[in-house]
Amino acid sequence: MQAPQSTVDPAEIAKFEAMAAEWWDPNGKFKPLHMLNPCRLDYITKQIAAEFNRDLTSRNPFEGLRLLDIGCGGGLLSEPMARLGATVVGADAAEGNLPVARIHAEQSGLEIDYRHTTAEALAEAGEQFDVVLNMEVVEHVADPLSYLTATQLLLKPGGLQICSTINRNPKSFAMAIIGAEVIMRWLPRGTHEWSKFITPDELFELLRKAGLKPVDRKGFVFNPITWTWSISERDLSVNYVTASVKPG
């Protein structure tokens, strides 16, 4: 299958380039991701361990696995994956993110291959990975199906993709846009476009059309009282995450 043309949306890239220097500030513009990150990592590590029969209590449980963090930003997921032993490529279409990511990885004593590139370009080059992390990206691309087709091409047969995004309904508009951007000011206004949000059923259908087999989906739920995130089996009303595999 031929890799599709780039689905990068220049306007979306510009939004994140403007915030690049704040990636590792837990109280900056990426505060929501810092708060969500432990929950994301819990889901990701358990899915990888289950798919590849790895013991998370061992020293380097993901050793031997080649992992792509597409839309890596400042490396909030790339770094813990490298610490767990994976060989990590972090890719981002926003070039301004990468110096921040490289400097932080160097300061942390981690070897991560950060690249200014796209999923489509990597697929065209014939790159292959055991795991693709595709977190909070699909709602920012110009053509979700073409983009997911590219990420499918990047997986080895039997490979695993973790894809998270935001549901599209009145609640997600209230929380992800009005709450996060207007009231809490966690993100600059206009970071998200509600019309680009994707329902879980729509995402599962897109993943199938792209050649992947969806195997799991869970919700990420924010508790405003405890100020914490948790994984939910049933509540996928705002943030949610999926796991899918490439048939072997």
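**Helices, strands and the annotated sites**

Author: G211 comes after helix 8, and its phi is positive, near 100°. Helices (H or I, at least four residues) and strands (E, at least two) are DSSP runs, numbered from the N terminus.
Reader: What sort of model is this, and how are residues numbered?
Author: This is a predicted model: local features need pLDDT of at least 70, side-chain atom pairs count only at pLDDT 80 or more, and totals for chains, interfaces and linings use all residues. Residues are numbered from 1 along each chain as its sequence is written, and side-chain values use heavy atoms, with hydrogens and water left out.
Reader: Back to helix 8, then. Which of its residues are buried?
Author: Helix 8 (residues 200–209) has P200, L203, F204, L206 and L207 buried. Buried means under 20% relative accessible area, exposed over 50%, partly exposed in between (1.4 Å probe, protein chains only).
Reader: Where do they sit around the axis of helix 8?
Author: Down the axis of helix 8, the buried residues fall within an arc of 160°, so they line one face of the helix. The arc is that of the directions from the helix axis to the C-beta atoms.
Reader: And what covers the buried residues?
Author: The cover includes helix 6 (144–153), strand 5 (155–166), strand 6 (213–223) and strand 8 (239–245). On the face of helix 8 turned away from the buried side are the exposed residues D201 and K209.
Reader: New topic. Which strands does strand 2 pair with?
Author: Strand 2 pairs with strand 1 (residues 66–70) in the parallel sense over five bridges. Strand 2 also runs parallel to strand 3 (residues 113–116), joined by four bridges. Two strands pair if DSSP finds at least two bridges between them.
Reader: Which residue in strand 2 is the bridge partner of L68?
Author: V89 is the bridge partner of L68. On the strand 3 side, A91 stands opposite R115.
Reader: How does the chain cross from strand 2 to strand 3?
Author: The chain goes through helix 4 (residues 97–107), in a right-handed β-α-β crossover. Right-handed means that, with the strands pointing away from the viewer, the path from the first strand over the helix to the second runs clockwise. Strand 1, helix 3 (residues 78–83) and strand 2 also make a right-handed β-α-β unit.
Reader: Is strand 2 mostly covered or exposed?
Author: Strand 2 (residues 87–92) is mostly covered, with five of its six residues buried.
Reader: Which residues of helix 4 are buried?
Author: In helix 4, the buried residues are N97, L98, A101 and A105. They fall within an arc of 85° seen down the axis, so they line one face of helix 4.
Reader: Where does UniProt place the "binding site" feature?
Author: The unreviewed UniProt entry places it at R40, G71, D92 and M135. UniProt positions are given in the numbering used here, feature names are shortened, and annotations may be inferred rather than shown by experiment.
Reader: Take D92. Is it buried or exposed?
Author: D92 lies in strand 2 and is buried, with a relative accessible area of 8%. Its side chain reaches the backbone nitrogen of A94 at 2.8 Å.
Reader: And R40?
Author: R40 is in helix 2 (residues 31–52) and counts as buried because its relative accessibility is 4%. Leaving aside neighbours within four places in sequence, R40 has contacts (heavy atoms within 4.5 Å) that include M135, E136 and F220.

Technical notes
A polar contact is a pair of N or O atoms within 3.5 Å; within protein, one must be able to donate a hydrogen and the other to accept it, and residues adjacent in sequence count only if both atoms are side-chain atoms.
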